[in-house]
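Hi,

Here's the structure I promised to pass on. Have a look first, and my notes follow below.

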Amino acid sequence: MTRFVLRRIGFYVLIAVLLAFFAVPLLWLASAPFTSDPTYQVRMPDFTSENFRALFDNPYALGSLWNSVLLAAGTAALVVVFATLAAYALSRVRLPGRDALLYTLLLLSSIITGTAAMVPLFQLAVELQLIDSQLGLILILTGGLLPAAIFMMKDFMDSTPKSYEESARVFGATPLQIVRHVVVPLVRPGLATIAVWAVANVWGNFLMPYLLLSDVEKQPAAVIMYTLYTEGGQANIQLLGTFGLLYSVPVVLMYLFVSKKYGFRFHGGIKR
Amino acid sequence: MSAIELRGLTKVYPGGVKALDSLDLVIPDGEFFALLGPSGCGKTTLLRTIAGLETATGGAVVIGDRDVTGVQPGARDIAMVFQDYALFPHMNVTDNIAYPLRIKKVARATRQQKAAEVGARLGLEQLMERRPGQLSGGQQQRVALARVMATQAQAFLFDEPLSNLDARLRLEARTFLKKLQHELGVTTVFVTHDQAEALAMADRMAVMESGHIRQIGTPAEVFQRPANTFVAGFIGSTPMNLLDGVVRGDTVDVADCKVAVPESAEGLLRDGEKIVYGVRPEYNVYSAESADGSLGGTVSIVENLGATYLVTLDVNGVPVQAIVPEGREPELGDEGFAVPRRDRALIYRDGELVSA
């Protein structure tokens, strides 16, 4: 009995230590922005607004968050639209070599927005005059995310019964009407998943915007964060902590919103 | 409303499987027509080819006076109820019923009103705001029916309309469907693997086997005079007795007994010919005493069918079944005799019915 109790106690202590390991940085993120003269330590905040004032004095901080929103929303929209159409076609039309095509795309996609393709991508953007353009960046990010998105979407499409669509077809619906009226509502959770995944990807992407956007006014938060240094060349903990909080809040909000609104799937109408 | 005509309709799937082999069939205007057969016989393929969901490899589909062989399903002016009903789960009952009208760009108010009308006719008034997931199987089926009624199509196609209902509801739905089809008078083709369903509902039916139609006729014709041994074995809730026999003048030797040549085959048989003698258990008159032209043996099984009993006699090693009314059923091991009715027994030569 005592051995059992001791073992239990040991187990929970271990869990607590492990959790602390992950919780402390989050705690720091929550407290540092409200603490005067923050350090790497987690301290009881004194709820100063000084840090926020200092951050808002930075000419690029707020603008960069807006840029991040633009890039993320634009990319997510394009990824969702194209991935849905492509995945629907790939799911319903029998193409020779379809699976090989999908797997090749998936394999190559990790290269497109990866380090290996930096130089050619930069060259391409220059040639197409898409350098230092947010649209160009959105297109390139979309290209990088699409194969994986198509792959995921196709899975959702495959799992929706065909008779829904055949039913609509017999009533005379065109393929686009079928997609709009029937397929999209049925795969809504899939669309939400892809959108969230795309936003999170773009939000955290540092390399591509750093490479392709030279105008500070256009750079997203991930890049601006990299510039938050003191005159002495030290990381500016005051600004970093505060900016870090603002940077993470939108992503958290998005997750909450999406899981509340789309975190379910329609059922019924098909008798199994 | 209009007739459906199939001319030499052929469907070969990629890979060489011949699902339909040059079928000819005419379904007159307003008829309730059943496609019956075991699974894999091509009946669902045939229905889907009429709908246009499968493209015919050869032959023609004519609906009304229009050849629709190459026409898209939506332009054929037909409506279909799928086996799983395929109601749209994200739309409520009203929107589901009104969906065909939405495709035809009918104004919102008009189509809502139409949906309400059709829904009321099928007793769905209280359910119009519900989603399919909140409906029972029978209610879902009625919504699916309401949806095809709202199309006002020339012909309806039902794929296994009753297979997803439980046994009790199935009987109710059978009566309901037959009445509804009769009232609407729309040419309707339905697919089923259940011979009782086909017999009960259809005006006429086609019995299919591996891509061929083996017999077309009214339920009575198909039941009483199956055109071949396949149909004979498939139709009827108890399968027909199909016994090997040899013709001897006016009698047939079956399982070492002599039975009379049936009326339908009189004068059409050669002496000494090998045939199959067929008689339904329902047309086998059972008695405990020996009679002329009877099949005598020991009772080996007695099965209770409710108001009747299915008695299996062991006639010199050949099982012969007869239907016996309740109260007169024999005991196991009794000696019993079955006298086939001469006006109902049939003779099959090489699997085909012998008749004038």
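Which residues in α4(B) are buried? They are B:Gln140, B:Gln141, B:Arg142, B:Val143, B:Ala144, B:Leu145, B:Ala146, B:Arg147, B:Val148, B:Met149, B:Ala150 and B:Thr151. Buried here means that 20 or more other C-beta atoms lie within 10 Å of the residue's own (exposed is 12 or fewer, partly exposed is in between, and C-beta atoms are placed from the backbone).

Before going on, some housekeeping. This is a predicted model, where local features need pLDDT of at least 70 and side-chain atom pairs count only at pLDDT 80 or more, while totals for chains, interfaces and linings use all residues. Residues are numbered from 1 along each chain as its sequence is written, with chains lettered from A and ligands numbered from 1 in the order in which they are written.

Back to α4(B). Because twelve of its 15 residues are buried, α4(B) is largely enclosed by the rest of the structure. Its buried residues pack against β6, α2, α3 (108-121), β7 (155-159) and α5 (167-184) of chain B. Helices (H or I, at least four residues) and strands (E, at least two) are DSSP runs, numbered from the N terminus. The length of α4(B) agrees with expectation: 15 residues at 1.5 Å a residue should span 21 Å, and the end C-alpha atoms are 22 Å apart. The expected span is 1.5 Å times one less than the number of residues. Just after the helix, B:Gln152 has a positive phi of about 50 degrees.

α4 also turns up where the chains meet. There, 26 residues of chain B are in contact with 20 residues of chain A, contact being C-beta atoms, placed from the backbone, within 7 Å. On the chain B side, β6 (78-81), α2 (93-103) and α4 (137-151) each give two or more residues. That side has 17 nonpolar, seven polar and two charged residues (nonpolar is Ala, Val, Leu, Ile, Met, Phe, Trp, Tyr, Cys and Pro; charged is Asp, Glu, Lys and Arg; the others, Gly among them, are polar).

Chain B splits into domain 1 (4-234) and domain 2 (241-353), with bounds from an automatic or database domain assignment. Their C-alpha centres lie 38 Å apart, and the contact between them takes eight residues from domain 1 and nine from domain 2. Helix α8 (residues 229-234) of chain B gives three residues, the largest share of the domain 1 side.

Over to you!

How values were computed:
Contact = placed C-beta atoms within 7 Å.
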